[in-house]
Every structure is written in structure tokens, then in C-alpha cells.
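Let's work through some exercises together, one step at a time. Keep the sequence and the model open beside you as you read.

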Amino acid sequence: MDQTNATQKPEPDLASTRRDPEEESVHRALEGYYRTGKPPWDTGVTPPELVALVEGHGALPPGRALELGCGTGTNATYLARHGWEVAAVDLIDRAVDQAREKAAEAGVAVRLLHGDATRLDELDVPGPFDLFFDLSCYCGVPLHRRDAYAAGLTHRAAPGARLLMFGYGPEPLGNPIPEVTSWAAGVTADELRARFPGWELLDVTPGTNSVPTFWFTLRRDA
């Protein structure tokens, strides 16, 4: 069955879930990026860090994967093409629509959902998942919603599940304030250790961007 068009639970009323000005600011900013067609994180190229995890030495065997903040579906489609059963979530409906088109063109089944990665209980993604992939989603989540994000993944993680996350580091002092205040906080290894109890931080690798970025690999306790 083509899961891209599968019958799913009614989507949540996102207007009701954006409960404060910070969350509204995030939604407006992300919508703006997709409206102009220039989201900096959505390059259309699967990053080598994910390719290594899926195809490299000691690659994970295909299982169930959940992508948080899937954008236009490049990486969800990649995972599906390599034998993974994939669900993917994005806050922006325009991005999800493009992701559905991309999966259909590739001839793969991806379960695509329009929703909030910090409110997975409102979506039909019960898990368990063996792999979580996050390309700049968590670092864009307001600080007061990050514990909910971590709890949602932990609740759905199979024993030994991996989380591969790319994130921007904290903004250096003196830099212009980003359009969403909490985005200046970025993400750090210490924060992930604190917010993800029951997970081990296996690796932190600096990115190659012109600003501080990192790849984090976490593993759920068995």
C-alpha cells in the first residue's frame, strides 16, 4: 500500500497548539523560509553523516525511522529507498506537500505528517523507532518545548535506538539577535545530556559550516 496517501488520524489544529508568542514566532519564521523557497537547512542533498550511518562501515540494519522536521522530504525519501520504514513530521504544510511529491516521484512509501515535533502524542506515530533523524529541528525548538521533544522521542525509542541530530551552536556574544529569541541558544552536548536521560551521547562532531554547528549521535539505553 502506498503509505504516502494512507488514511491517517485527523491532523491537529496547529493554531491551537501554538500556545505562546515564541511558538508563533517560530512558525512564522519557518513559513517565511519556505514561502521564499530558501530554507538554509533544506539543500536537497542527503548529508554524508546520515549516509555513513545507513550505508557505511557498521551501518545500522534497516528498521523503523522517524524524521523530525523533514522539510521537503529529501532524507525521508533516502531512508525509504534504503529499506527503512519511514515516518516524517514537519510543522509547515507547504514542506509536507513537497515531501509527498518527492516520495511519490521516487516511488517509495513514506508516512508524512503535518504536525509539531514536540507534540508527537497528537500525531499517529506510536513507534517504536530504531532511528530518529533531526536536521536542524531541535535547535529551532523554543527552550520551553525541548523537554517535551525529548520525552516524545524517548517514549517511542526502541532499546538501543539511535538519534542523529544536526544543530547550530549558541550564537556568540555580539552577534545580531536572530528572528526568534530562543534560536540564539542553539544546542550543546551538555544540554542534550541533561534533556535526554536514559540516552548515551556517543559522538559530537563539528560541522563544516561557517558558523558553529555540530553532529550529535545519541543511543537509547537497551
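## Exercise 1: Aromatic pairs

There are 12 aromatic pairs in the structure. Rings of Phe, Tyr and Trp (its six-membered ring) pair if their centres lie within 6.5 Å; planes under 30 degrees apart count as stacked, over 60 as edge-to-face and the rest as tilted. Before we start, note that this is a predicted model, in which local features need pLDDT of at least 70 and side-chain atom pairs count only at pLDDT 80 or more, while totals for chains, interfaces and linings use all residues. Residues are numbered from 1 along each chain as its sequence is written, and side-chain values use heavy atoms, with hydrogens and water left out.

**Task.** What kind of aromatic pair do phenylalanine 129 and phenylalanine 132 form?

**Solution.** 
- Step 1: Find the distance, which is 5.9 Å centre to centre for phenylalanine 129 and phenylalanine 132.
- Step 2: Find the angle between the planes of these two rings, which is 65°, and the pair is edge-to-face.
- Step 3: Check burial, where buried means under 20% relative accessible area, exposed over 50% and partly exposed in between (1.4 Å probe, protein chains only). Phenylalanine 129 has a relative accessible area of 2% and is buried, and phenylalanine 132 is buried at 0%. Phenylalanine 196 is buried at 1%, and tryptophan 199 is buried at 10%.

## Exercise 2: The nonpolar cores

**Task.** Which residues of the largest nonpolar core touch the most other members?

**Solution.** 
- Step 1: Start from the meaning: a nonpolar core is a set of buried Ala, Val, Leu, Ile, Met, Phe, Trp, Tyr and Cys residues joined through side-chain atoms within 4.5 Å.
- Step 2: The largest nonpolar core has 30 residues, and Leu66, Leu68, Phe132, Tyr149 and Phe196 touch the most other members.
- Step 3: Look at the elements; helices (H or I, at least four residues) and strands (E, at least two) are DSSP runs, numbered from the N terminus. Those that each supply at least two residues of this core include β1 (64–68), β4 and α7 (189–195). The most comes from β5, with 4 residues.
- Step 4: Apart from this core lies another, of 25 residues, among them Val54, Ala88, Ala99 and Leu164.
- Step 5: Zoom in on leucine 68, using contact to mean heavy atoms within 4.5 Å. Not counting residues up to four places away in sequence, leucine 68 touches residues including Val89, Phe132, Tyr149 and Leu153.

## Exercise 3: Two backbone details

**Task.** Which peptide bond is cis, from glycine 127 to proline 128, and where is serine 136 placed?

**Solution.** 
- Step 1: Recall the background: most residues other than glycine have a negative phi, and most peptide bonds are trans.
- Step 2: The peptide bond from glycine 127 to proline 128 is cis, with omega near 0°. Proline 128 lies in the loop between β3 (110–114) and β4 (129–135).
- Step 3: Serine 136 is not a glycine, yet has a positive phi of about 75°. Its place is in the loop between β4 and α6 (146–156).
- Step 4: Serine 136 counts as buried, at 14% relative accessibility.
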